[in-house]
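I'll jot down what I look up as I go.

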Amino acid sequence: MTTATLSPLQRHLDEQRLRVDEELDRLVPSAETYPPSIHKAMRHSLFAGGKRLRPILCIEAGRLFGGDEAGLLRLGSALELIHTCALIHDDLPAFENDDLRRGQPTCHRVFGEAIAILAGDALLTLAFETISAPGDAPPRGLEESRKLRIMHELAHAIGTRAGMVGGQVVDLESMGKKPDNATLEYIHSAKTAAFIRAAVRSGAIQAGAAEAGLDLITIYGEKAGMAFQIADDLLDVLGSEETLGKTAGKDDRQKKLTYPAVHGVDESWRVARRLVREAGLTLEPFGRRAQRLCDIAGYMIARKS
Ligand code: GRG
């Protein structure tokens with residue numbers, strides 16, 4: 001598609017993605033930095049592609065509350081480091097055992113399993129190093145307390161109770177089991193929606209949002225995050241490896257607990273569309289200033305990859 005035929009939203013997403021890519025390039029040690037194998041592996045997965053949706057959501061949520069652009073870009077990019085860690089680990093033989101991610105061979109296929117595990121660990125650690133780094137923007141005390149709150153927020157969204165690790169555990173343990181809606185909701189909420197919700201919340205916290213605003217952005221994040229994972233399940237059924245950049249049709253082969261498996265394709269679309277609508281309605285009190293976030297929620301289920 002040429003630039004002229006891109007929608008304004010797609011153009012905006014492309015611009016933001018490039019800004020995030022440049023920031024990530026500044027954050028991650030060069031491929032030649034000693035020991036080079038680990039930095040090459042981190043960069044391989046990070047720069048293989050990726051829509052950068054979590055950074056963009058963090059930045060847009062922060063903008064809604066008048067946040068500082070440079071700080072939001074840095075924070076959003078740190079989120080992408082965490083997300084890429086999750087993707088590298090998810091592809092490992094112990095989990096999905098996948099060969100393809102973001103249209104490229106997976107990290108462990110190129111660098112071996114040991115380095116891939118460490119590349120994930122290193123990206124996760126670099127994210128917290130980045131967020132906790134001393135800044136020079138006054139007032140220092142306020143900035144530090146926001147950072148601490150954001151790190152707590154992210155650690156919870158990655159953790160075992162209602163975060164990515166917990167979601168991944170239940171995802172693994174429910175393969176081949178009888179369809180069960182409560183378990184499905186837990187997996188989707190913990191594995192995917194929790195981090196998307198944390199992305200918008202952390203942008204809003206960095207921008208100094210008041211609790212009432214934070215409550216609204218939290219509901220938006222939860223609904224958009226659930227819709228995103230339902231769309232992901234649907235793309236696995238309806239998409240091709242070529243457009244997805246990852247193996248298609250795998251959920252069914254692995255007898256995974258997914259939305260289409262439990263509710264069917266049509267009902268899954270209906271739920272995804274309803275969640276996007278509700279995500280948008282939640283932000284109505286912000287008026288037109290929240291339009292971009294509403295459009296992004298729509299994009300999360302309209303995307304082809
Ligand atoms: C320690 C961070 C950490 C995680 C350990 C492996 C694991 C536990 C969790 C896996 C979580 C996971 C892979 C969730 C899937 C979320 C999902 C739908 C990812 C695809 O996101 P996109 O489409 O991908 O935004 P791109 O490539 O565009 O970034």
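**Ground rules.** I'm working with a predicted model, where local features need pLDDT of at least 70 and side-chain atom pairs count only at pLDDT 80 or more, while totals for chains, interfaces and linings use all residues. Residues are numbered from 1 along each chain as its sequence is written, and side-chain values use heavy atoms, with hydrogens and water left out.

**Entry 1: Thr-130.** I found Thr-130 in helix α6, residues 113-132. Helices (H or I, at least four residues) and strands (E, at least two) are DSSP runs, numbered from the N terminus. Is Thr-130 buried or exposed? Thr-130 is buried, because its relative accessible area is 11% (buried means under 20%, exposed over 50%, partly exposed in between, using a 1.4 Å probe and protein chains only). I looked up what Thr-130 touches: Leu-27, Arg-74, Ala-78 and Leu-81, leaving aside residues up to four places away in sequence. Contact here means heavy atoms within 4.5 Å.

**Entry 2: salt bridges.** My rule: a side-chain nitrogen of Lys or Arg within 4 Å of a carboxyl oxygen of Asp or Glu. How many salt bridges does this rule give? The count is 28.

I started with Arg-17 and Asp-14, whose side chains form a salt bridge at 3.2 Å, N to O. Both sit in helix α1 (residues 8-27), three residues apart, which is about one turn of the helix. Arg-17 is partly exposed, with a relative accessible area of 25%.

Next came Glu-96 and Lys-250, with their closest N and O atoms 3.8 Å apart. This pair links distant parts of the chain: Glu-96 is in the loop between α4 (69-91) and β1 (100-101), Lys-250 is in helix α12 (residues 250-253), and 154 residues separate them. Glu-96 counts as buried at 10% relative accessibility, and Lys-250 counts as buried at 11%. I also noted a network of salt bridges that links Glu-96, Asp-98, Asp-171, Lys-191, Lys-250 and Lys-256.

Then I checked Glu-211 and Arg-149, a salt bridge with the closest N and O atoms 3.2 Å apart. Glu-211 is in helix α10 (residues 211-238) and Arg-149 in helix α7 (residues 140-158), 62 residues apart. Glu-211 counts as partly exposed at 45% relative accessibility, and so does Arg-149 at 33%.

**Entry 3: empty spaces.** Rolling a probe the size of a water molecule over the atoms shows where empty space is left. On a 1 Å grid over the protein atoms alone, a cavity is a set of points where a 1.4 Å probe fits but cannot get out; a pocket is an open set with protein on both sides within 12 Å along at least five of seven lines; lining residues have an atom within 4 Å of a point. Grid points are joined across faces, edges and corners, and a volume is the space filled by probe spheres set on the points.

I found one cavity of 30 Å³ or more. The largest cavity holds about 80 Å³ of space. It has 13 lining residues, and the closest to its centre are Ser-45, Ile-88, Asp-91, Arg-101 and Cys-107. Which element gives the most to this cavity's lining? That is α4, with four residues.

The largest pocket has a volume of about 1,200 Å³. Of its 50 lining residues, His-83, Leu-87, Asp-90, Arg-101 and Lys-246 are the closest to the centre. Here too α4 gives the most to the lining, with nine residues.
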